[in-house]
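Reader: I am new to this structure. Please take one part of the model and go through its surroundings closely, then turn to the ligand.

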Amino acid sequence: MDTWTELGRATGATGEVVLRRRPDPASGSDLVELVVGGVLVMDDGDASTERLLASAALELLGADGRAAPGGWRVLVGGLGLGFTLAQVLADPRVAEAVVAELEPSVVAWVRQGLVPATAGVLADPRASTVVGDVADALRAAPPASLDAVLLDVDNGPGFLVAPANARLYDDDGLAAAAAVLAPGGVLAVWCSHDPAALADTARAVAGITDVRVLRRVVEREGRELEYWLVVGRRAPADR
Ligand SMILES: C[S@@+](CC[C@H](N)C(=O)[O-])C[C@H]1O[C@@H](n2cnc3c(N)ncnc32)[C@H](O)[C@@H]1O
């Protein structure tokens, strides 16, 4: 039987939001889980793909020697347990990282340091939070104002916890994300299901080029799970 310790519980935009901890027999240490609307959306057992979302995007961003005056500006959609944001901030080329998170309780819990691996991430002076929908944050951002947009909401486009999030991934949603990117800027999306259709949409959206799909296998509780990232960028100005 699982022995849960509840770290936080709140009613939010997507239903009940719970942060909880339990011993993980596989690792011998504790596992912290975030459950939204009854669905497990993130735990801190293996956050390698959430971190890769950031590092792969920033690698592509810097691939042609790009150096934005004053540093890069990044928008992260979905704070979750804070791993993607922490990886963004691990890159000294990043000057500003804004994270849009729908659930205020999630921001509060990460800020309180309830997730040991990312404790302090929101204290980084380059980090700021917007409590709200990343779709609105994208709409509010001026055109060509960001160097990277990283999306990891719900469990990716193939497993939506909030049906309204489908609008992030359709033609208009990807076009809105592309529009806020400066030339050469990178769009990256974390996916729990094969994102071939999303990659096709990204390619078809004006200006998103170099679209690549990364597949990784992550072991969870003795099972092997496949996760994907879609990473592409707006055409550099000199193309
Ligand atoms: C899978 S978790 C993100 C995991 C994160 N990448 C990490 O490193 O821990 C998804 C997060 O997105 C948030 N979310 C869901 N829909 C959202 C939306 N439309 N805008 C902003 N945040 C959203 C959820 O509340 C949840 O905290």
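Author: Contact here means heavy atoms within 4.5 Å. The model is predicted. By that cut-off, and leaving aside residues up to four places away in sequence, Ser192 touches Asn155, Gly156, Phe159, Glu226, Tyr227 and Trp228. Ser192 belongs to the loop that runs between β9 (181-191) and α6 (196-204). Is this residue buried or exposed? Ser192 has a relative accessible area of 12%, and buried means under 20%, so Ser192 counts as buried.

Two polar pairs involve the side chain of Ser192. One of its polar atoms lies 2.6 Å from the backbone oxygen of Asn155, a residue that is also on the list of those Ser192 touches. The other pair is a polar contact of 2.8 Å between the side chains of Ser192 and His193.

The ligand sits in the largest cavity. Elements that give two or more residues to the shell around the ligand are β4 (39-43), α2 (83-89) and β6 (94-101). In total, 23 residues surround the ligand, and the closest are Leu81, Thr84, Glu101, Asp152 and Asn165.

Some distances can be given atom by atom. An N or O atom in the side chain of Glu101 is 2.6 Å from an oxygen atom of the ligand. For Asp152, an N or O atom of the side chain is 2.7 Å from a ligand nitrogen atom. Gly80 takes part through its backbone, where a polar atom is 3.3 Å from an oxygen atom of the ligand. Taken alone, the ligand exposes 610 Å², of which the protein buries 99%.

How values were computed:
Residues are numbered from 1 along each chain as its sequence is written. This is a predicted model: local features need pLDDT of at least 70, side-chain atom pairs count only at pLDDT 80 or more; totals for chains, interfaces and linings use all residues. Side-chain values use heavy atoms; hydrogens and water are left out. Helices (H or I, at least four residues) and strands (E, at least two) are DSSP runs, numbered from the N terminus. Buried means under 20% relative accessible area, exposed over 50%, partly exposed in between (1.4 Å probe, protein chains only). A polar contact is a pair of N or O atoms within 3.5 Å; within protein, one must be able to donate a hydrogen and the other to accept it, and residues adjacent in sequence count only if both atoms are side-chain atoms. A residue is near a molecule or strand if one of its heavy atoms lies within 4 Å of it. Accessible areas come from the Shrake-Rupley method with a 1.4 Å probe; for residues, only the protein chains shown count as cover. On a 1 Å grid over the protein atoms alone, a cavity is a set of points where a 1.4 Å probe fits but cannot get out, and a pocket is an open set with protein on both sides within 12 Å along at least five of seven lines; lining residues have an atom within 4 Å of a point. A molecule sits in a cavity or pocket if more than half of its atoms lie within 2 Å of its grid points.
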